[in-house]
Amino acid sequence: MLHYFGTDGFRGEAGKTLTASQAFRIGRFLGHHDQKGGTRARVVLGKDTRRSCYMLEYALAAGLCASGADVYRLHVISTPCVCHATKEGDFDCGVMISASHNPFFDNGIKIINSRGEKMDDELLAGIEEYLDKEEDDLPFATGSEIGSVFDYNEGRRRYVEHVLSLAKQSLSGLRIGLDCANGSAWEVARDVFDALGAETYIIGDSPDGLNINKGVGSTHIEALSAFVQQHHLDAGFAFDGDADRCLAVDEQGRVITGDHILYIFAADWQRRGMLAGNTVVTTIMSNMGLYRALDEAGIRHVETPVGDKHVYDRMVKEGYCLGGEQSGHIILGPYATTGDGLLTATQLAEVMTSRRLPLSRLAGAVRLYPQVLRNLPVSDQEAVLGSPTVHKAVEEATVALGRQGRILLRKSGTEPVVRVMVEAEREEWCRHWADHICESIRAQGFLCERGR
């Protein structure tokens, strides 16, 4: 089992549980591993706007060069751009430095394979084994074998052109709000929507290294909701720190979740004969309201564990073309290998234009059940999940709700928390049973303090 890399890369507090030394070693391993037949490896490197990204970027680049690899820097850019650049530029792998929706003091390292997909666990296990060694036993490059570092602006340009090329209609006449989370999308999102003809308004576009996701972005959608209502906009789109997620706000300021977005694309693609297998891939976190709407539309759905990597793997394995998460990771299979917030936003706006319907009407068939989600920082995730006392609390809630709700207790793959989700027909039931389960965790002494 992997212990550094979770469902979305190596996450940790920068300088504490994710250090420059570890980043250097990851670069060393990748630079050595990806050499083929004496040819030096070529690696794309991107980052978000966290202050610690500089530290990790330079450490990764140093490790890669020390092993004889050439590094192509995209600078501040989204994870989907790194994936696209890696695949289309025929690179050996890509690396994205980001902790996505986490606060600024966290950071992460995501590794992308040559096909633009999340790296397989076998290679990640090799990196972890190397990280745990006391001695660095890989050979160092010398002389002309030492790698170089290049700026790779062409990769950014090709990605933007790719997103624009997929838009078949002008967005002229649409008034669009964008929340860039003070993160990766802050430089490109407005340019893309302006190029498509929209009248664009923007917030979350003033990163200072410390304010990524702070009160803005997909994890603070209320900021965009107020902005859309204040400026009387047609819709708003909110990204997370590395812009692989997108949530939306309709013309009335109401939140359009990833479940709504999946339904909108599924219904539109079904109508156009594009929905492979007439099936959508979701995760166990998707709302029962989405499943009811899909059933009424005659669209099938299959579930995976949480994580867009699991969604993508199921899509590839079974030939499906659409999948995603309630949190806004939407994978549009014909166009991308990962969740892409900017692509999701532009394609959603195009559905609005082509159908000549507001976002509220497009999403109207999905009537979400109330959900309460609690994220609890804990000292030992496995101990929580294995606790008889906690299991008893979950069972009590399950029996009480019956067929009128459900409970999910799971560990996060990206941070040291357990997540308690209760979904039911009435919100007071959700709150009551979520409190009940959380209290059982608290009473066992599993909670710990974390944050800044």
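Q: On a 1 Å grid over the protein atoms alone, a pocket is an open set of points with protein on both sides within 12 Å along at least five of seven lines; how much space lies in the second largest pocket?
A: This is a predicted model, in which local features need pLDDT of at least 70 and side-chain atom pairs count only at pLDDT 80 or more, whereas totals for chains, interfaces and linings use all residues. Residues are numbered from 1 along each chain as its sequence is written, and side-chain values use heavy atoms, with hydrogens and water left out. The second largest pocket holds about 180 Å³, a volume being the space filled by probe spheres set on grid points that are joined across faces, edges and corners.

Q: What makes a residue part of the lining of the second largest pocket, and how do the lining residues divide by class?
A: A lining residue has an atom within 4 Å of a point, and the residues that line this pocket include Asp 250, Arg 254, His 260, Ser 360 and Leu 368. The lining divides into 5 nonpolar, 4 polar and 2 charged residues, where Ala, Val, Leu, Ile, Met, Phe, Trp, Tyr, Cys and Pro count as nonpolar, Asp, Glu, Lys and Arg as charged, and the others, Gly among them, as polar.

Q: What makes a space a cavity, and how many of 30 Å³ or more does a search of the whole structure find?
A: A cavity is a set of points where a 1.4 Å probe fits but cannot get out, and the search finds 1 of 30 Å³ or more. The largest cavity has a volume of about 90 Å³, and among the residues that line it are Phe 5, Asp 8, Lys 110, Met 119 and Lys 309. Strands β1 (5-6) and β6 (106-112) each give two or more residues to this lining, with β6 giving the most, 3 residues.

Q: Why is Ser 170 called partly exposed rather than buried or exposed?
A: Buried means under 20% relative accessible area and exposed over 50%, with partly exposed in between (1.4 Å probe, protein chains only); Ser 170 has 44% and is therefore partly exposed. Ser 170 is found in the loop between α5 (153-165) and β8. Leaving aside residues up to four places away in sequence, Ser 170 touches Leu 196 and Thr 353, contact meaning heavy atoms within 4.5 Å.

Q: How do you know that β8 and β10 pair?
A: Two strands pair if DSSP finds at least two bridges between them, and β8 (175-179) and β10 (235-239) are joined in the parallel sense over 4 bridges. Helices (H or I, at least four residues) and strands (E, at least two) are DSSP runs, numbered from the N terminus.

Q: Why are β17 and β18 edge strands?
A: β17 (371-377) and β18 (405-411) each have a single partner strand, so one side of each is left without a neighbour in the sheet. That open sheet has 3 strands in the order β17-β19-β18, paired antiparallel. β18 is joined to β19 (417-424) by 7 bridges, and Gly 405 stands opposite Ala 424 in β19.

Q: What does the angle between α15 and β19 refer to?
A: Axes are lines fitted to C-alpha atoms, for helices over the stretch in contact, and angles run from 0 to 180 degrees between N-to-C directions. Helix α15 (427-443) lies across β17, β18 and β19, and runs at about 155 degrees to β19.
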